[in-house]
Amino acid sequence: MTDFAAIAAQLEGQAIELPSWAFGNSGTRFKVFATPGTPRSVEEKIADAATVHRFTGLAPTVALHIPWDKVDDYPALRRFAEEHGVRLGTINSNTFQDDDYKFGALTHVDPTIRRKAIDHHLECIEIMDATGSRDLKIWLADGSNYPGQADLRGRQDRLAESLAAIYERISDDQRLVLEYKFFEPAFYHTDVPDWGTSYAQVAALGDRAMVCLDTGHHAPGTNIEFIVMQLLRLGKLGSFDFNSRFYADDDLIVGAADPFQLFRILFEVIRGGGYGPANPDGHSEVAFMLDQCHNVEDKIPGQIRSVLNVQEMTARALLVDRAALAAAQDAGDVLGAHQVLMDAFYTDVRADLAGWREERGLPGDPMRAYAESGYQAEIEASRVGGNQLSWT
């Protein structure tokens, strides 16, 4: 077992992007809950995200969602973020809230509606140009509810054509990242339901098209770390949307449901060469982002807890004695190999991480430091009428 001092340097520069929508009111299909201190603008969302970074040192970028975060002056928004100590990150498109997209967006049979969806993505790329963002992330609600409702192959052909039109506009230093989801809101079939479909589509586009893996977007029992391995092996894992799930796409705090799964995923990221400190522009090759929907918990502490959980499981994964693991695997020592993983997983690194943070001028206990900072009371008193909902 390697001691913490040997892996401390590898924690430097870890970057976990925060989603702007995580700070707005959210809920379920039944109810959206209002929360005191809700941001009234994208600037206030960015200020809250910057607060998470100030207490953790782990969240230097903020993902935007269009049209939820549309503004008139994106260079000014970029400056605002930088003045608060963060940068603008991934730009997320939205083709699931317009009535025209009831039966699909990039896959719709009507070329006029497909063109509208494509143009929305081209607008997102223009925003990327203004904000300095690298990634355009696409998640599609496209699909069908009943057998025979749609031509499954025709939809894949139209999707390929639409993505090609979008990809053609991506610059040399930008990427298109295609997310997949097993089901919902389409229940019979989803046009991009799994990593294989996403991979097939992006592989046809080119080197700057990648797959986004949302940890809550799989059938129960799916071996997600195997998917991580395969996409890294193929050079197509572009980013993560980290969250936790018990039943479906629950979007809960990272690691809340299955910390061991998070550990296993991060071990495969590290083993596959997908983990490394951020570049000077704030980007790692495989981008880590949270995608959470804080239904009942406070927004900012929820984000703090999640980024700390990711950091903790990264540290444990870095502690795996890979030489001992490889030796046990080669020798066919089943229990010995398993024990190497379990030794690292059960190592309590919380005190070491607290010391690591304090050495860098960060609070050893960010959750407590935030609770004692007065920021929550301040925004609850000052933000009257906040209604930045995530999907309304």
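Predicted model: local features only at pLDDT ≥ 70, side-chain atom pairs only at ≥ 80, totals over all residues.

**Charged pairs, starting from a buried one**

I began with D48 and R383, and both come out buried.

Next I checked what the two side chains do with each other. D48 and R383 meet in a salt bridge, 2.8 Å from N to O. I then looked up where the partners sit: D48 belongs to helix 2, while R383 lies in the segment after helix 14 (375-382). The two are 335 residues apart, so I logged the pair as a link between distant parts of the chain.

Who else joins in? I found a network of salt bridges that links R40, E44, D48 and R383. Within it, E44 pairs with R40, and their closest N and O atoms are 2.6 Å apart. I looked up the exposure of each partner. E44 has a relative accessible area of 16%, so I put it down as buried, the cut-off being under 20%. R40 is at 36% relative accessibility and therefore counts as partly exposed.

**Helix 2**

With D48 placed in helix 2, I went over the helix itself. Helix 2 covers residues 42-56, which makes 15 residues. From its first C-alpha to its last it reaches 21 Å, close to the 21 Å expected at 1.5 Å a residue.

How many of the 15 residues of helix 2 are buried? I got 13, so helix 2 is largely enclosed by the rest of the structure. Just after the helix comes G57, and I noted its positive phi of about 70 degrees.

D348 is partly exposed at 42% relative accessibility.

As a reminder for myself, side chains of opposite charge can pair when their charged atoms come close.

**Last stop: R134**

Where is R134? I found it in the loop between helix 4 (111-131) and strand 6 (135-138). Buried or exposed, this R134? At 10% relative accessibility, R134 counts as buried. Its side chain is joined to that of D135 by a polar contact of 3.1 Å.

Conventions: Residues numbered from 1 in each chain as written. Heavy atoms only, no water. Helix = DSSP H or I, 4+ residues; strand = E, 2+ residues; numbered from the N terminus. Expected span 1.5 Å × (residues − 1). Buried < 20%, exposed > 50% of the residue type's maximum accessible area, 1.4 Å probe, protein only. Salt bridge = Lys/Arg side-chain N within 4 Å of Asp/Glu carboxyl O. Polar contact = N/O pair within 3.5 Å; in protein donor to acceptor, adjacent residues only side chain to side chain.
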